[in-house]
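Please look over the structure below before reading the notes. They are grouped by topic.

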Amino acid sequence: MLNMLKNRLFKGVALEKDKEIESLGRELKRQITNKFGRSFSFREVDTGSCGACDSEIIAATNPIYDIQRFGVHVAASPRHADALLITGPVSRNMLLALKETWEATPAPKYVITVGDCARGGGLFRDSYYTENGADAVLKVDLHIPGCPPTPKEIIVGLLTFLKSL
Amino acid sequence: MKALNERKTIVTPREFREACLKKHQTLRSPVMMLFASDHRPRDGRFFIHCIFLDRDNGEWDVVETYAEDNAFDSLSKDVYSSILFEREIKELFGLEPKGGLDTRRLRLHDEVWPEGHYPLRKDFNLSSAASGARGKYAFTKVEGEGIFEVPVGPVHAGIIGPGHFRFSCAGEPVINLELRLGFTHRGVEKMFENARPEDKVALSECVAGDSAFAHGLAFCSAVEKISGIVAPERARYVRAACLELERMYNHVNDIGGIATDVGFGFPANLAAIIKESLQRINQKLTGSRFLKGINAIGGIGRDLELGPLPALLLPVLKDFNELKNILHSNVSFMDRVDTTGTLDKKTAEDLGIIGPAGRASGVDLDLRKISGGIYEKAGFNPAVDAVGDVLARLNVRIREFEESVRLIKYFADNVPEGKIRAEIEMTVGSAIGSAEGWRGPVLYFVETNGEGKLERVKIVDPSFRNWQALSFAILGNIIPDFPLCNKSFDLSYPGGDL
């Protein structure tokens, strides 16, 4: 067991380091230190997404992108969050949960929508069961477009958001 | 995958139940699909379609009837796998399953959707359904001394889809788990209607994002079958390779999830690295990390070069072997997954559990085996286990991952040159399209009208039926093992909720 772990520890990650991610990350960290102290936490709310956007948000936390090292953290509860990351076109069934999650988030708080259907509903616009996006329910501070946006695009989006504050 | 043929029996409403029971028994098939379609504008009636799988002959066996006085005979007392479908027909079409075991609403939550509005009827009017009476959902109550309930969700602690789980416990063991889903219901089936099929391929890829390719493939092959064409051979090879790539990145994600849920961080992160490598290969090959935009009606939208794939997958397989060895050689990990969350074969068969979850419990059903075609040429070997616990599901996934690497190599070595897309002319008709996605068979029933537009699209993602397995697998286990059991099934909220 130890030998197996050692092997991996010495070898490290086989994928190449992406220079762009590193420089984006440094800027992200600087912005977070200036505006949020040490870290910026978000709570993710899936309001009826197909799961691809959520998968890419998770990918941004994998060892390759590892946004935690830049000071971005995923909060388990909205009580600990600075912002909500919302995916999906807002199914009717999620409307109440979304509103309550927003109310449970302490101010100052922000809304970032991720993915094409979180703004305006995208492919699911005018369905009998969607609210046509989170922007129809809450005031959105930043939208990250894409179907789904890649982890890099999510990092760029977060940086744009932090710069706008 | 080669499309399976269809055999249709049209019966009167009186004969419907008998006919279905007979098929169920002789074919040893669960209800694969059971749904309604609104034919009132043309024929003045609602049709009910019940579809079984004849695995010996590789055919779909369809029993069709019509609803009488907005009702049809329920199968649920004899065929357990029909319950969810009947609940669905009732809430979407307002047709009563006579003698049904459970007729509560499934996705249109009583709290937000008024009574008497059936969205899949052709004359449904959205504006009148905007407000109205509010009801409450009746959860199963477990009563007795010391029994307590733990409600969880819909918003969970991790980055994961929304669903509500209600545990009833006596001490530590769970004695009942009721799932209330539907939180990601978006009305997908209705969004297909009245559009040209080629305009809705992108929508089919957004039904369940992690199964984008399987959904796109099932939809396209249904439309192809209606117009009587078969995708060119080169397209079939490319599609099969993509289907396996999708299986690989999702299976490894799930294996990592199992490690996460026992708090074993190292292999979990290794799995995340493997998943990322695979998604980068997807990106390199197709331009999409989720293999979107490849499927097109008649074949594939643009040509892909499969040649470099086996070489790209070699280092991935090496990492995967390391992951497998770390998990299998760790005693505390094995102790957590062994005999946890067991789903026995009888329950799996009764509920119609399919895909890797079913195969881990001994339900030997894999559409890749049944459909033959290039999978048969490649000597495809399905992974089956008999134990039905978390470990069995983990091992089935591991073997499927390894088999996928082998299959992709075969496809890359044997893909012929030639056309990638067949010309297509839309006609009136209906057909069933299918693809063995990484969670199991993804099924699409597609019906077109005289204008070449979509009249009715019924989608069954394996998650829809497999969610039920979770409520049985968890019985007698403790709540801390729930995330582990849940992850071992790795089901899709949006795929089940539509």
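A residue is buried if 20 or more other C-beta atoms lie within 10 Å of its own, exposed if 12 or fewer, and partly exposed in between, with C-beta atoms placed from the backbone. This is a predicted model, in which local features need pLDDT of at least 70 and side-chain atom pairs count only at pLDDT 80 or more, while totals for chains, interfaces and linings use all residues. Residues are numbered from 1 along each chain as its sequence is written, and chains are lettered from A and ligands numbered from 1 in the order in which they are written.

**Chain A**
- Chain A has five helices and five strands; helices (H or I, at least four residues) and strands (E, at least two) are DSSP runs, numbered from the N terminus.
- Read from the N terminus, the order of its elements is α-α-β-α-β-β-α-β-β-α.
- Chain A has 165 residues, of which 49% count as buried.

**Where chain A meets chain B**
- Contacts join 41 residues of chain A to 44 residues of chain B, two residues being in contact if their C-beta atoms, placed from the backbone, lie within 7 Å.
- On the chain A side, α1 (2-11), β1 (40-46), α3 (52-60) and α4 (92-104) each give two or more residues.
- The most comes from α3(A), with six residues.
- By class, this side of chain A has 24 nonpolar, 12 polar and five charged residues; Ala, Val, Leu, Ile, Met, Phe, Trp, Tyr, Cys and Pro count as nonpolar, Asp, Glu, Lys and Arg as charged, and the others, Gly among them, as polar.

**Helix pairs in chain B**
- Helices α9 (residues 309-328) and α15 (residues 390-414) of chain B pack at an angle of about 165°, with axes 11 Å apart; axes are lines fitted to C-alpha atoms, for helices over the stretch in contact, and angles run from 0 to 180 degrees between N-to-C directions.
- α9(B) and α15(B) are therefore roughly antiparallel (under 35 degrees is roughly parallel, over 145 roughly antiparallel, 65 to 115 roughly perpendicular and the rest oblique).
- Their contact has 10 nonpolar, no polar and two charged residues.
- Helices α7 (residues 233-261) and α17 (residues 482-489) of chain B pack at about 175°, and their axes are 9 Å apart.
- α7(B) is thus roughly antiparallel to α17(B).
- B:D254, B:G257, B:I258 and B:D261 of α7(B) make this contact with B:P483, B:L484, B:K487 and B:S488 of α17(B).
- These residues divide into three nonpolar, two polar and three charged.

**A sheet in chain B**
- Three strands form an open antiparallel sheet in the order β7-β8-β9 (chain B); two strands pair if DSSP finds at least two bridges between them.
- Six bridges link β8 (residues 164-170) of chain B to β9(B) in the antiparallel sense.

**Backbone exceptions**
- Most residues other than glycine have a negative phi, and most peptide bonds are trans.
- The bond from A:C147 to A:P148 is cis, with omega near -10°, and A:P148 lies in the loop between β5 (142-144) and α5 (151-164) of chain A.
- B:G153 and B:P154 are also joined by a cis peptide bond, with omega about 15°; B:P154 lies in the loop between β7 and β8 of chain B.
- A:N132, which is not a glycine, has a positive phi of about 60° and is partly exposed, with 18 C-beta neighbours inside 10 Å.
- B:L291 has a positive phi near 60°, and this residue is buried, with 26 other C-beta atoms within 10 Å.
- The loop that holds B:L291 runs between α8 (265-286) and β10 (295-296) of chain B.
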